[in-house]
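Please consult the sequence and the coordinates alongside the points below.

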Amino acid sequence: SSNNSSIAWRELLDESGLRHVSITGSGAFTDSDEEKYLQELVFAGKLGEYKFKFANGSSLVGKFQISHYERLGGMNEEENYAINLESSGEIIFERGN
């Protein structure tokens, strides 16, 4: 006896929008209020509302969760960070110039 109930079909819809976005970034840690806010979100495991602006003027807006946060640096050296964010829910794309 065969069981066909395990076969799944996926239908992609035209103009259904972006379903998932991953953002990765890094930079020098400055202990700014924004970085303190990110740390609070990291340790609480909460979603944050973000707007990412890119060099060409386009942007992404939506809720993201920080999936990876790393701080790097040696004694008496500039401290750096690396961060990954994963989208949750609708993402709005705004076209640049």
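Glu94 and Lys51 form a salt bridge between their side chains, with an N to O distance of 3.3 Å; the term denotes a side-chain nitrogen of Lys or Arg within 4 Å of a carboxyl oxygen of Asp or Glu. The model is predicted, so local features need pLDDT of at least 70 and side-chain atom pairs count only at pLDDT 80 or more, while totals for chains, interfaces and linings use all residues. Residues are numbered from 1 along each chain as its sequence is written, and side-chain values use heavy atoms, leaving out hydrogens and water.

**Salt bridges**
- Because Glu94 lies in strand S4 (residues 80-94) and Lys51 in strand S2 (residues 47-53), their pair ties together parts that are 43 residues apart in sequence.
- Helices (H or I, at least four residues) and strands (E, at least two) are DSSP runs, numbered from the N terminus.
- Glu94 is partly exposed at 34% relative accessible area, as is Lys51 at 48%.
- Buried means under 20% relative accessible area, exposed over 50%, and partly exposed in between (1.4 Å probe, protein chains only).
- The whole structure contains 2 salt bridges; Glu79 and Arg71 also meet in one, at 2.9 Å, N to O.
- Glu79 is partly exposed at 30%, and Arg71 is partly exposed at 36%.

**Nonpolar core**
- The largest nonpolar core has 12 residues, including Leu38, Tyr50, Ile66 and Leu85.
- Such a core is a set of buried Ala, Val, Leu, Ile, Met, Phe, Trp, Tyr and Cys residues joined through side-chain atoms within 4.5 Å.
- At least two residues of this core come from each of helix H1 (33-44), S2, strand S3 (59-72) and S4.
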